[in-house]
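This briefing covers a pocket, a helix contact, aromatic pairs and some backbone details. The sequence and structure come first.

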Amino acid sequence: MPFSRASTALSRFTVLDLTRVRSGPTCVRQLADWGANVIKIETPPHLEKGEGPGGPRENADFQNLHRNKRSMTLDLKSPQGLAAFKRLVEKADVVVENFRPDVKDRLGIDYESLKKVNKRIILASISGFGQDGPYRDRPGFDQIAQGMGGLMSITGEPGRGPMRVGIPVADLCAGLFCALGIQTALLEREVSGEGQWVNTSLLQAQIFMLDFQAARWLQQHEVAGQAGNDHPTTIPTGVFQTADGYINIAAAGQVIWERLCNAIDAQELIANPDYKTNSLRSKNRKAVNAAIAEKTVHKTSAEWIALFEKAGVPSGPIYSIDQVFADEQVKHLKMAWDGKKPNGETQTFVGQPFALSRTPSKVAVTPPKQGEHTDEVLKEFGFADAEITALHDAKAV
């Protein structure tokens, strides 16, 4: 196909993207960035009611989610549109959707229906709470999942009430896990020759991300609480004020604890019987942190970081987002990717967090206009000119 790919890693796969908002597009972006032929299927403009669910198309959020894709429009509620979609499914590898669970059943694009068209097809679904169960039909939103998944109960300062995390972590993780599930299913298909249904939810993703906090409950029946900027189990690990701001210090384990005490010239803390072990330091965390803070306010953040690096004590600055992208290591890691818009202007995106040495990724194409490639895609899938004209006449595209 003539479409410029972001990588050759997944270039043999074709993905039909029915997703909206964030969790689904996050999933598909992973596939697009690694070279899959992603076709974003959108509602025809004449059927839209107000602004789309992903927000303004021109905003940075939408643009960052939808690079390296093509766009076509298709009305899946019309008989002609549904028939055209199933013809696309015949030659596709993956369909990704994040509608409410009942929608795909009503449209006739559930897994049982699609596998009759193509037994190799992989359907990937993301929902708020799962594809079945008592909460199946509830609409899912990131902050709701953060609350129900336990994250807000362990985020923020003690006594200040629950606090959301500053990014849509449930949405993002659900999308990433769905992409991982798709790639797992594609690998399995090489053995069995058959596709399968991959599904996850915001709630499942959020609970999985509790990780050791969830394990503390499941195995030890400990209910974690809020710890603010302190690490919940390893002290001192947290935020400390300096002469010109704040830094993070992470002194995990006895060796690093002693290095920290020596670096801040507080050897008396090593000998203090209340701080002899990690469990004692955790128990007496307020006193430990106060003793360290008395020292850190006398030097700048840069001075302390340089001193701690020399001493072998993990530490780091606390950046605003503009400072993140100004950092020399971040620049070296190339976490800001430039792409060229059709008019020649440069557009910058957030880069992928992992690299492949032989089949790297890039921004091959900036986000498409709505329906920009409708006719092009239909022709590639074998539709004759007369059939494409008929779809336009029926307002199915």
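The points below are grouped by topic.

The model is predicted: local features need pLDDT of at least 70, side-chain atom pairs count only at pLDDT 80 or more, and totals for chains, interfaces and linings use all residues. Residues are numbered from 1 along each chain as its sequence is written, and side-chain values use heavy atoms, with hydrogens and water left out.

**Second largest pocket**
- The second largest pocket has a volume of about 720 Å³; a volume is the space filled by probe spheres set on grid points, which are joined across faces, edges and corners.
- A pocket is an open set of points on a 1 Å grid over the protein atoms alone, where a 1.4 Å probe fits, with protein on both sides within 12 Å along at least five of seven lines; lining residues have an atom within 4 Å of a point.
- The lining has 28 residues, and R29, N64, L172, V350 and G351 are the closest to the centre.
- Two or more lining residues come from each of α1 (23-33), α2 (60-65), α7 (169-192), α15 (321-326) and β11 (346-350); helices (H or I, at least four residues) and strands (E, at least two) are DSSP runs numbered from the N terminus.
- α2 gives the largest share of this lining, 5 residues.
- The lining divides into 15 nonpolar, 8 polar and 5 charged residues, where Ala, Val, Leu, Ile, Met, Phe, Trp, Tyr, Cys and Pro count as nonpolar, Asp, Glu, Lys and Arg as charged, and the others, Gly among them, as polar.

**Contact of α7 with α8**
- The axes of α7 and α8 (residues 202-210) are 8 Å apart at an angle of about 95°, with axes fitted to C-alpha atoms over the stretch in contact and angles from 0 to 180 degrees between N-to-C directions.
- The two helices, α7 and α8, are therefore roughly perpendicular (65 to 115 degrees).
- V169, A170, D171, C173, A174 and F177 of α7 meet L202, A205, Q206, F208 and M209 of α8 (heavy atoms within 4.5 Å).
- This contact of α7 with α8 involves 9 nonpolar, 1 polar and 1 charged residues.

**Aromatic pairs**
- There are 5 aromatic pairs in the structure (ring centres of Phe, Tyr or Trp, its six-membered ring, within 6.5 Å).
- W34 and F354 are stacked, because their ring centres are 4.7 Å apart and their planes are at 15° (stacked: under 30 degrees).
- W34, in the loop between α1 and β2 (37-42), and F354, in the loop between β11 and α17 (374-380), are 320 residues apart.

**Backbone details**
- I235 and P236 are joined by a cis peptide bond with omega of about 5°, and P236 is in the loop between α9 (212-220) and β7 (237-241).
- H221, in the loop between α9 and β7, has a positive phi near 55°.

Technical notes
Parallel < 35°, antiparallel > 145°, perpendicular 65-115°, else oblique. Phe/Tyr/Trp six-rings, centres within 6.5 Å; stacked < 30°, edge-to-face > 60°.
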